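Me: Can you go through this chain with me? I'd like to start with what the terms mean.

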Amino acid sequence: MTVPEENRPKAESTDAAEDRRPQEPPRPPGGTGRTLREALEEAHVHPDDYAEE
């Protein structure tokens, strides 16, 4: 259930807002170096898993 806008508590300023996202390490730029074939093998996905139409 949601609370109507007029009933929500108001912040004094936007500077007081906290960043609630979990801290993640930065990702290196660019790709991971894996090929599509390697990624599919790692995910255990094979062409035989799908029927041709």
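Reply: Contact here means heavy atoms within 4.5 Å. Keep in mind that this is a predicted model.

Me: OK. Which residues is R34 in contact with, leaving aside its neighbours within four places in sequence?
Reply: With that limit, R34 is in contact with A39 and E42.

Me: And where is R34 found?
Reply: R34 is in the segment before helix 1.

Me: New topic. How many helices and strands are in the chain?
Reply: The chain has one helix and zero strands.

Me: What share of the chain is buried?
Reply: Buried residues make up 0% of the 53 residues. The chain exposes about 6,200 Å², with 51% of that supplied by carbon and sulfur atoms.

Me: What about phi of H44?
Reply: Phi of H44 is near 60 degrees, a positive value, and H44 is not a glycine. Most residues other than glycine have a negative phi.

Me: Where is H44 found, and is H44 buried or exposed?
Reply: H44 is in the segment after helix 1, which covers 36-42. H44 is exposed, because its relative accessible area is 63% and the cut-off for exposed is over 50%.

Methods
Residues numbered from 1 in each chain as written. Predicted model: local features only at pLDDT ≥ 70, side-chain atom pairs only at ≥ 80, totals over all residues. Heavy atoms only, no water. Helix = DSSP H or I, 4+ residues; strand = E, 2+ residues; numbered from the N terminus. Buried < 20%, exposed > 50% of the residue type's maximum accessible area, 1.4 Å probe, protein only. Areas by Shrake-Rupley, 256 points an atom, 1.4 Å probe, with all protein chains shown as cover.
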